[in-house]
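Subject: Structure handover

Hi,

Here is the structure I said I would pass on to you. Please open it alongside this email, and I will walk you through what turned up.

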Amino acid sequence: MAAMDVPPVRQKVIIVGGGCFGLSTAYALSVKDDYDVWVYDRLPVPAADAASTDINKIMRYDYGSDTLYMKLMFEALPLWHQFNKERAQQGEDPLFHDVGVLLLSSNGEYSEFEKKSLRSIKEAGRGYAIEELLTPESIKARFPQFASGVDHGFNIGYLNKEGGWCNSREAVVHMHKKCLAQGVHFVTGGTAGALASLYCPRSAKVVEGIVTQDGTIHRADRVVLATGSWTAGVVDMKSLVTATGQAVVHFQPKGTLLDQFQSKDCPVWCGDLSRTGFYGFPANSEGKMKIGIHNAGYLWPREHDQVSIPRTQVTHEGDTIPLSGLRHMRQFLGGFLPETSALDIAYSRLCWYCDSIDGDFVIDYHPDHENLVVATGDSGHGMKFIPNIGFHIRDVLEGKSSDYTRRWAWRQLDVSQTQLDGLRAGNAVVRGVIASDQEGMRLVTQDELKAARPQL
């Protein structure tokens with residue numbers, strides 16, 4: 001009798017978090033025969049309060065002189081187009097809308113970020129994707145919806161024709177389906193899916209699984225924490241990352257404004273982003289026009305250890321944005337897009353980033369815990385990498401070295417070394433505490449989101 005082949009032992013990997021990093025990792029592991037993959041999340045996928053559960057996110061490879069993320073996006077783009085083909089086969093709308101990203105600068109001169117981005121893009125051989133708009137007249141002729149912004153000094157810019165926006169919520173749904181098709185196991189919602197603690201029966205330094213809030217022990221060979229802005233509240237990240245809330249609003253324009261921002265050639269726009277922090281999107285098929293600000297953000301520290309954690313509309317129904325954010329938003333748009341001054345803000349929320357000290361992802365084995373990988377530190381620019389980031393996280397899990405894994409490795413940095421990425425408004429890291437007595441930090445009422453509030 002011939003000896004029977006013994007099947008190889010598959011490693012069980014538990015991933016905590018079913019958002020962008022978690023699902024991408026689950027899929028990358030599932031395409032190999034080596035892993036039995038389980039995903040746990042406190043909410044069904046897509047989690048209602050995850051940063052990735054949104055109507056849209058910017059798709060760009062404009063990264064100043066930081067070519068590592070530019071190349072990561074070069075890798076992601078064809079996978080997004082593949083996602084669109086898969087969606088078409090399923091009778092679904094595309095996920096990636098390559099309408100371009102219009103980066104406007106002020107007073108007839110590019111900011112340093114735009115100058116460096118143009119140089120990096122051209123040196124990478126992608127200059128064909130760039131359309132420079134060097135005069136106020138050229139911007140108005142190409143994009144008349146930004147005429148007021150041009151008149152207020154945003155009068156030079158370029159269009160990256162390979163950029164655009166993705167329907168991020170639906171991208172999560174699509175990746176979830178791909179994981180299910182690959183045999184990934186999901187336990188989501190309620191106490192059965194919610195993490196209570198890491199399982200360390202022999203030593204606090206050796207992770208052997210997780211315990212969920214229903215008291216069940218789930219053993220695993222490896223655990224990946226892909227818990228986004230909740231990460232610092234789950235495990236000691238030694239101040240390497242912090243949860244910051246960023247103000248986002250939706251308008252529901254009508255008439256000419258809707259026509260202009262729902263037209264097929266309306267791009268994503270950045271209003272001198274590295275100086276102001278403001279960006280916005282075309283109106284989607286439901287007529288929702290999202291505008292946000294990318295800056296240092298807000299904090300919500302826990303009482304017992306002062307670690308900032310997300311405060312979302314899942315746990316705090318009816319939450320809006322701080323008064324300071326509303327004032328800033330209305331003041332900027334009053335010049336850049338004055339038509340919005342007559343519009344009520346239809347919806348607002350804080351989008352919670354997991355900001356790292358230096359703006360780089362943090363993807364590595366945790367130095368205090370064997371078998372535990374943290375995949376976090378999105379810093380507000382992770383969603384566009386959902387098709388491919390998981391393959392690089394898999395490299396970390398498997399101990400493979402690359403330019404990416406070396407860049408994202410655990411590093412010892414002090415809070416005093418915190419710096420904002422090249423696209424954040426300003427340089428000073430000043431973060432207010434929401435819902436506190438600090439000036440402008442109270443959350444506004446629904447009535448204050450209506451148009452023409454003179455007390456603002």
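Below are my notes, grouped by region. Please keep in mind that this is a predicted model.

**Around strand S2**

Let me start with strand S2, which covers residues 35-41. Of its 7 residues, 5 are buried, so the strand is largely enclosed by the rest of the structure. S2 has a parallel partner in strand S1 (residues 11-16), and 6 bridges join the two. If you want a place to look at this pairing, Val16 stands opposite Tyr40 in S2.

**Two antiparallel sheets**

There is an open sheet of 3 strands in the order S3-S8-S4, with antiparallel pairing. Its edges are S3 and strand S4 (96-97); each has a single partner strand, so one side of each is left without a neighbour in the sheet. S3 pairs with strand S8 (residues 164-166) in the antiparallel sense over 3 bridges. Within that pairing, Met59 stands opposite Gly164 in S8.

Another open sheet of 3 strands is ordered S10-S11-S12, with antiparallel pairing. Which strands stand at its edges? They are strand S10 (195-198) and strand S12 (217-219), and because each has a single partner strand, one side of each lacks a neighbour in the sheet. From one strand to the next, the twist averages 25°. Strand S11 (residues 209-212) runs antiparallel to S12 and is joined to it by 3 bridges, with Ile210 opposite His218 in S12.

**Helices**

Two packed helices are described by the angle between their axes and the distance between the axes. For helix H2 (residues 67-89) and helix H6 (residues 168-181), the angle is about 75° and the axes are 12 Å apart. An angle from 65 to 115 degrees counts as roughly perpendicular, so H2 is roughly perpendicular to H6. On the H2 side, the contact is made by Trp80, Phe83, Glu86 and Arg87. H6 contributes Glu170, Ala171, His174, Met175 and Lys178. By residue type, this contact divides into 4 nonpolar, 1 polar and 4 charged.

Helix H11 (residues 389-397) is mostly covered, with 8 of its 9 residues buried. Among the buried residues of H11 are Ile389, His392, Arg394, Asp395 and Leu397. Just after H11 comes Gly399, with a positive phi of about 75°.

**Backbone points to check**

Most residues other than glycine have a negative phi, and most peptide bonds are trans. With that in mind, a few places deserve a look.

- Val45 and Pro46 are joined by a cis peptide bond, with omega at about 0°. Pro46 sits in the loop between S2 and strand S3 (57-59).
- Asn107 is not a glycine, yet its phi is positive, near 55°. You will find Asn107 in the loop between strand S5 (101-105) and helix H3 (112-123). Its relative accessibility is 66%, so Asn107 counts as exposed.
- Ala435 likewise has a positive phi, near 55°. Ala435 lies in the segment after helix H12 (403-407). At 41% relative accessibility, Ala435 counts as partly exposed.

**Ala451**

Is Ala451 buried or exposed? Buried means under 20% relative accessible area, and Ala451 has 19%, so it is buried. Ala451 is placed in the segment after H12. Leaving aside residues up to four places away in sequence, Ala451 touches Arg330, Ser341, Ala342, Leu343 and Asp344. The C-alpha atoms of Ala451 and Gly255 are separated by 17 Å, and these two residues are 196 apart along the chain.

That is everything from my side, and I am happy to go through any part of it with you.

Best wishes

Note on methods
Residues are numbered from 1 along each chain as its sequence is written. This is a predicted model: local features need pLDDT of at least 70, side-chain atom pairs count only at pLDDT 80 or more; totals for chains, interfaces and linings use all residues. Side-chain values use heavy atoms; hydrogens and water are left out. Buried means under 20% relative accessible area, exposed over 50%, partly exposed in between (1.4 Å probe, protein chains only). Helices (H or I, at least four residues) and strands (E, at least two) are DSSP runs, numbered from the N terminus. Two strands pair if DSSP finds at least two bridges between them. Axes are lines fitted to C-alpha atoms, for helices over the stretch in contact, and angles run from 0 to 180 degrees between N-to-C directions. Angles under 35 degrees count as roughly parallel, over 145 as roughly antiparallel, 65 to 115 as roughly perpendicular and the rest as oblique. Contact means heavy atoms within 4.5 Å. Ala, Val, Leu, Ile, Met, Phe, Trp, Tyr, Cys and Pro count as nonpolar, Asp, Glu, Lys and Arg as charged, and the others, Gly among them, as polar.
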